[in-house]
Amino acid sequence: MSAMMPSTGAVILEEEGLDEPPRRVSGVRYLLGKLGGAAVSMVMVILLGFFAFRILPGDPVASITRERQLNADQVAQLRQQMGLDKPLWQQLGDYLVNVATLSFGESYVYKTSVASLIGDYFWNTILLTGTSAILAIALGLWLGQRAGWNHGSLFDKITSGTSLVLWSVPTFWLGLILLMVFGGTLHWFPTGGMLSPDPPTDPIGLVGDVVAHMVLPVITMVAVVYAQYVMVMRASVMEEKSADYLTTARAKGLREDLVRRRHAVPNALLPAVTLVFMHIGGLIAGAVTVETVFSWPGLGKLTYEAITGPDLPLLQGTFVVFSAIIIAMNLIADVVYRFLDPRVRQA
Amino acid sequence: MPVSHRKRPLRRAAFLSIAALLIVAPAGAAQAADSSVAALQAPTESTSSPESATFRIATSGFVDSFNPFVSIYLTPTNILRYVYEYLVQNDAEDGSPTKGLADSWETEDGTTWTYTLQDDLKWSDDEPITAEDVVYTYTQMMEVPELAVANGNLVTNFESVEAPDEKTVVITLKGPQATNPGLEIPVVPKHIWEAIDSPSEFVNDADVVGSGPYLLESYEANQQITLKANPNFWMGEPAVKRIQYVYYTNSDAQVQALRSGEVDFVSGLTPTQYDALEGTDGVTVHSGEGRRYHSFSLNVGLITRDGVPYGSGNEALKDVEVRQALRLGTDTKTLLDKVLDGQGVQATSFIPTSFSKWTLPADDDVIVEYDPEAAKQKLDDAGWVVGADGVREKGGVKLELRLLVDAEDIQEVSIAEYFVPWMEEIGVKINVESTDSDTISAKAVSGDYDIYFSGWSVNPDPDYQLGINLCTTLPTGTDGSGGTSQDGYCSPEFDALYEEQRAELDESKRQEIVHEMLALNYTDTAQIGTWYANSLEAYRSDRFTGFTLQPKDGGIIASQAGYWGFLTMEPVDAASADGGDGAPVGMIVVGVVAGVLIIGIVVFLLLRRRRSADIE
């Protein structure tokens, strides 16, 4: 049983010693397998990035010039500028070169390289989603282990209830409600953007200004996201709670509190860790809604506008970048999980 | 031992906050660096000028560039109206030509136009504005295709542009035209632009040298666009020194920003938002006669310029009697009242009533009222007999039409809900095809529709709008490419009248011809005009006042065919404007967040202590 259910560092060390030679080989193979899978996914994404957006209805030039007083020559000029007059295979070639050089071409709308646009907006998204992720993970895991440990208690019921309710609330709706109440009516927080139009020039004021703009979008994101961590952690702790090694720990005379924190929680964290990595990718992609509601100048908003454009190179660029992040995070999740949990190593 | 346990949460909290900082700090630093650049760019005068001197406009508009030769999006185009003066400006009264850079102009045959510039005009960098600047601008557009992207259609009739002296510009046209050729083309400073290597790629988004009332000072994509007053503007420096466009992705956020006072002006409101803002303290709502028309576009049987039919339009609609029956069976009055909440004018043609000179008068003989009985009669006469299921048929074919509806457009969806039963009543079955706007524009181009909704913003001079409804603007390819036709309309009679009005210099005669053309188009029923929607705007009347409308009587403030809207505005009273957004809010928030964190940690520690005590 103890071999199946490693609980302490000692056991892990012991196992590592046992499996040392075969693990190395399978470890490399495992890693290569995962890397190969990720590479294949990436190639698929890159090809999909080209063809999916070509299948979409509508002519970018027609959409961009909608309601604009142009003659046929001007339209032809635009088609040529955007490279849309070239045959499809040539457009594909240009696109692949653009992807390979990581420049992704020039945005139709912003008239600048997609790579530099994504570079500009990337950190804004990381700031927003990073803060939200940390808060959601910390809050979710902490509430989850508490709820799981005291399964069935009032605390558990309240925690699970509220998190599930918030989870099922549409992000857009929740964001808009917060915006109306705390922005439009109470004037506590700004209603959009990342900085005031005339931001303060001193560093503290500047940070304060950004924080003020972050409060509502972060609350929205955390509220909608933390439930999944609560649920996973809760289930995981509940599972560990009845394990034999905890009885051993209790038998040693440890306080219940310590049994939970020292023994149960570290083991229960395993499934949560994978989930965290898998969700960070999704969280960045999920920023589209929150950034749109709160006019946050990040990748999500950029994508939203690329769709309304429609700005093909920009759409392709954000699509490839988002997909790459998700693929990378899943890869990390696989690797980290294997590193943390010997059970996967053995499998 | 117990002591160390109590300390642990604190350590963990500290660890978490450090982790948070590690993630947040680089991004924050990157931002701080960005904004310090912005702060450097903004002159120190912005801090000394009172808050009320900056007029903030909520926007969600795309910016491709601020290069007047290539920019085609609405937001930059509207801003460029404020930055570069035209040779001839559209006046506020009714949009007719008025003094711009040119003091006066004359033409005898409509082919040669001679302009005399005003005295002592200066660019914002104090260089004199001369006829050479005008010649440079126009010639670039005529000679370099990449510089004709934005306004190339305005110079297609230009033969040559010359400057006999510093103050005179002579435009020679290929053929006579009644539309003043000096309109709508932003004139750029030659001394700046000729020094640029690749003018078509120049983004022109900072420290712009211009001639209009406001100059573009700085632009940060998706964050803000800042304009400052031009002290050299020929009518004098505007009273409000700064205009700032602030980005909001969705219009509900814009409304909230106006309510909270973060912005001073919002346009493009829905009737619901308009009603909700009505009565808000310090906010005035404004419903102005716009320059847009909205219509049902009917597939009249599309053909290319060479007469080759294309698309999949229903045969029945090729019959003008059927199209007229559809018009008779459509109650546009009800649509206006119910769908648009009455915020607009019933349409007659494709020239809105805000251009009162050109619009087809509502009392014109050809105008018909909603009359389902007459519609039925017309369909009977055309040989469409009511079948057992109430749907008319002729030669075994049922009268069924496809209506393309943009599922995201609430107005289109609502119109369809009224339209379908009205058509059912006269025996026409409408199949609503709900889809997205890109599919609709693709289908409109390829001709795969029977009816779809169409709309345009129209300029004060009707020439362009009339010109896209000609046989000569029909597509050249059977995929719908190579043309700019509005409804696929083609009538030799209409075309002949078009040429006539184009060369008619006597305005009242031209007006008659235009009315005749619109009446002809109305009778032919290539489209059924629904309404000229009002433009719904709202502004902080507790801070700003004195906007000039275009048309002056009941017109709009933003998106004018001119710069009058924001030219004449002024702060209400510097003392009463408390401003107060920005830094103080930030400081309060930092305080609140820090406070909450500290309280949280303390409570957490206390709870833990109690619990540990219980267990022990």
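**Reading the model**

Reply: Buried means under 20% relative accessible area, exposed means over 50%, and partly exposed lies in between (1.4 Å probe, protein chains only). This is a predicted model, in which local features need pLDDT of at least 70, side-chain atom pairs count only at pLDDT 80 or more, and totals for chains, interfaces and linings use all residues. Residues are numbered from 1 along each chain as its sequence is written, chains are lettered from A and ligands numbered from 1 in the order in which they are written, and side-chain values use heavy atoms, with hydrogens and water left out.

Me: Where is B:Thr332 placed, and which residues does B:Thr332 touch?

Reply: Helices (H or I, at least four residues) and strands (E, at least two) are DSSP runs, numbered from the N terminus. B:Thr332 belongs to helix H9 (residues 332-339) of chain B. Contact means heavy atoms within 4.5 Å. Not counting residues up to four places away in sequence, B:Thr332 touches B:Gln346, B:Gly529 and B:Thr530.

Me: How many helices and strands does chain B have, and how much of chain B is buried?

Reply: Chain B has 17 helices and 23 strands. Of its 616 residues, 54% are buried.

Me: Which residues have the most contacts inside the largest nonpolar core?

Reply: A nonpolar core is a set of buried Ala, Val, Leu, Ile, Met, Phe, Trp, Tyr and Cys residues joined through side-chain atoms within 4.5 Å. The largest one here has 66 residues, and B:Phe55, B:Tyr138 and B:Ile243 are among those with the most contacts inside it. Helix H4 (residues 131-143) of chain B gives the most to this core, six residues. Apart from it lies another core of 65 residues, among them A:Leu141 and B:Leu269.

Me: How much area do chain B and chain A bury between them?

Reply: The size of an interface is often given as the accessible area lost when the parts come together. Buried area is the accessible area (1.4 Å probe) that two parts lose on being put together, summed over both. Chain B and chain A bury about 6,600 Å² between them, with 57% of it on carbon and sulfur atoms. In chain B, the residues that lose the most area to chain A are B:Phe62, B:Asn222 and B:Thr249. By contact, 76 residues of chain B meet 75 residues of chain A.

Me: How many salt bridges does the rule find across the interface of chain B and chain A?

Reply: A salt bridge is a side-chain nitrogen of Lys or Arg within 4 Å of a carboxyl oxygen of Asp or Glu. The rule finds two across this interface. A:Asp198 and B:Arg56 meet in a salt bridge through their side chains (2.8 Å, N to O). Between chain B and chain A there are also 16 residue pairs in polar contact (both at pLDDT 80 or more). H1(B) supplies the largest share of the side of chain B that touches chain A, 13 residues.

How values were computed. Polar contact = N/O pair within 3.5 Å; in protein donor to acceptor, adjacent residues only side chain to side chain.
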